[in-house]
Amino acid sequence: MKRYLPERETSELLLAIVAAGAVGWFFGIAGWTVAAVLVLFLWRSLRDLERLREWLRNPEQDVPDSKGSWDEVFQDIYQLRRNERRSRDNLLNIIERARASVSALEEAVTLIDSAGNLEWWNPAAQALLGIRPRDRGQPILNLIRTPSFNRYFQHGPYEEGLKMASPRTPGQQLQFEITRFGDNDRLMIVYDITRLHNLEQMRKDFVANVSHELRTPLTVLSGYLETLNDQIEDFAPRWTRALSQMQQQATRMNNLVNDLLMLSRLESQPEDREPQWVDVPRLLRQIHHDAEAMAKPKGQSVTLEVEDGLCLLGREADLRSAFSNLVTNAVKYTPDNGLIHVRWWSDSQGAYFRVSDNGIGIDPVHVPRLTERFYRADAARSSATGGTGLGLAIVKHVLMQHKGHLDIHSDLGKGSRFSCIFPSSVIAGTIEH
Ligand code: ADP
């Protein structure tokens with residue numbers, strides 16, 4: 001049961017009433033004396049209530065002086081207030097520390113509300129993005145006006161981030177990363193990746209230059225080796241093996257240089273450079289024809305199944321390179337008399353190019369790394385087949401340029417399935433001339 005009256009106070013009041021009643025009864029004015037006690041009690045309570053109100057209005061004043069239960073009430077409120085002030089100070093301290101640490105970051109941090117307006121930013125955002133105090137509440141798209149940022153901000157996908165040249169500092173490269181939180185608010189972090197970008201560019205330029213410079217001496221060497229091989233009968237028999245090996249290695253180096261140059265070109269060309277409708281069924285018939293010639297000596301069967309008229313928006317030379325790399329790999333890594341099936345089809349989600357074989361397969365531990373340059377599941381077998389180790393890296397880059405991706409499924413000893421998946425935005429049922 002709830003207690004509405006404090007015990008001590010109640011017993012004091014009762015005692016006072018009884019005492020006053022007794023005295024009053026003695027004088028014959030019991031009603032008056034009891035009433036006087038009650039009025040006194042009421043007056044004291046009202047006085048303390050007024051003190052409480054006064055104190056609540058001016059919390060800086062000292063705790064009012066009182067007796068009995070009222071004093072306990074004052075002390076309890078005082079304690080509550082002290083605790084509340086302490087936790088508020090703690091909270092403010094945490095907020096201040098969080099703010100100070102975010103302010104000390106070299107990365108630009110900005111908070112954007114659900115309407116896309118700038119809410120808060122740190123000093124680095126001022127330096128990297130040129131945001132000024134008067135920009136608070138402005139739409140972020142008014143402050144960063146490049147089309148690529150507009151696309152990224154409005155449509156994402158946010159987890160992929162966006163790399164772009166700084167709109168205000170020439171030569172500076174920035175990376176934007178946006179995360180949603182709360183009620184569709186956005187946290188945007190911007191990194192200065194100029195150094196990384198320059199290093200990456202240096203690496204790309206170096207590989208491209210070396211490959212390019214190697215081309216001329218290799219052509220000369222290969223030319224002479226070919227001439228010498230044509231006149232092989234003029235040489236002593238011990239030279240025959242040496243000459244054929246030299247030519248084999250020269251061809252391998254040539255393939256390497258060509259693959260490296262192709263990769264450099266793929267990395268440096270913009271994604272949407274002159275795309276055209278590519279007649280994939282026709283392209284695949286040519287690739288199939290070449291694959292059959294390669295597979296014939298091994299007694300392999302290469303079958304082709306295509307959806308006629310299914311075309312892809314892109315660059316024919318690059319697609320040819322990617323598709324034939326996958327078909328050639330299937331022939332290379334499938335033992336004699338194996339089966340290879342090539343398929344090109346579409347559904348409501350997009351288009352698919354798939355090469356399946358019942359060859360040696362790949363251990364699942366290698367699958368995630370297969371598209372890295374020079375990564376080989378079985379290095380000895382791969383060099384024996386004359387591979388450069390760059391084929392799947394080229395496939396990955398070509399697919400990226402065509403908004404597609406590669407899916408690899410393989411069972412060791414049973415076979416592999418390499419699928420290129422393209423979104424419906426780059427396919428068409430008929431060629432548009
Ligand atoms: P390579 O020139 O060595 O063939 P790739 O980049 O084309 O280089 O392929 C990388 C590795 O993936 C190969 O070395 C091989 O181990 C493995 N691989 C690729 N295709 C197949 C396949 N169809 N079956 C089994 N292994 C494959």
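1. Patches are made of residues with over 30% relative accessible area and no salt bridge, where like charges are joined within 9 Å and nonpolar side chains (Val, Leu, Ile, Met, Phe, Trp, Tyr) within 5 Å. Accessible areas come from the Shrake-Rupley method with a 1.4 Å probe, and for residues only the protein chains shown count as cover. A salt bridge, in turn, is a side-chain nitrogen of Lys or Arg within 4 Å of a carboxyl oxygen of Asp or Glu.

2. The model is predicted, so that local features need pLDDT of at least 70 and side-chain atom pairs count only at pLDDT 80 or more, while totals for chains, interfaces and linings use all residues. Residues are numbered from 1 along each chain as its sequence is written, and side-chain values use heavy atoms, with hydrogens and water left out.

3. The nonpolar patch on the surface is formed by Val23, Trp25, Phe26, Phe27, Ile29 and Trp32, which together have about 840 Å² of accessible area. Its largest share, four residues, comes from helix α1 (residues 7-27), whereas Trp32 lies in helix α2 (residues 30-57); helices (H or I, at least four residues) and strands (E, at least two) are DSSP runs, numbered from the N terminus. Trp32 is exposed, with a relative accessible area of 68%, where buried means under 20%, exposed over 50% and partly exposed in between (1.4 Å probe, protein chains only).

4. A negative surface patch is made up of Glu226, Asp230, Glu233 and Asp234. Glu226 belongs to helix α7 (residues 194-230) and is partly exposed at 46% relative accessible area.

5. The structure holds 15 salt bridges. In one of them, Asp318 pairs with Arg265, the closest N and O atoms being 2.8 Å apart; this pair links distant parts of the chain, with Asp318 in helix α10 (residues 316-332) and Arg265 in helix α8 (residues 237-268), 53 residues apart. Asp318 is buried, with a relative accessible area of 2%, while Arg265 is partly exposed at 33%.

6. Glu267 and Arg373 also meet through their side chains in a salt bridge (2.5 Å, N to O). Here too the pair links distant parts of the chain, since Glu267 is in helix α8 and Arg373 in the loop between β10 (350-357) and α11 (379-384), 106 residues apart. Arg373 counts as partly exposed at 27% relative accessibility, and a network of salt bridges links Glu200, Arg203, Glu267 and Arg373.

7. Which residues does Val398 contact, leaving aside its neighbours within four places in sequence? They are Met262, Leu266, Asp318, Leu319 and Ala322, contact meaning heavy atoms within 4.5 Å. Val398 sits in helix α12 (residues 391-401) and is buried, with a relative accessible area of 0%.

8. Ser222, in helix α7, counts as buried at 14% relative accessibility. Not counting residues up to four places away in sequence, Ser222 touches Ala250 and Asn254.

Technical notes
Lys, Arg positive; Asp, Glu negative; His and termini not counted. Charge placed at Lys NZ, Arg CZ, Asp CG, Glu CD.
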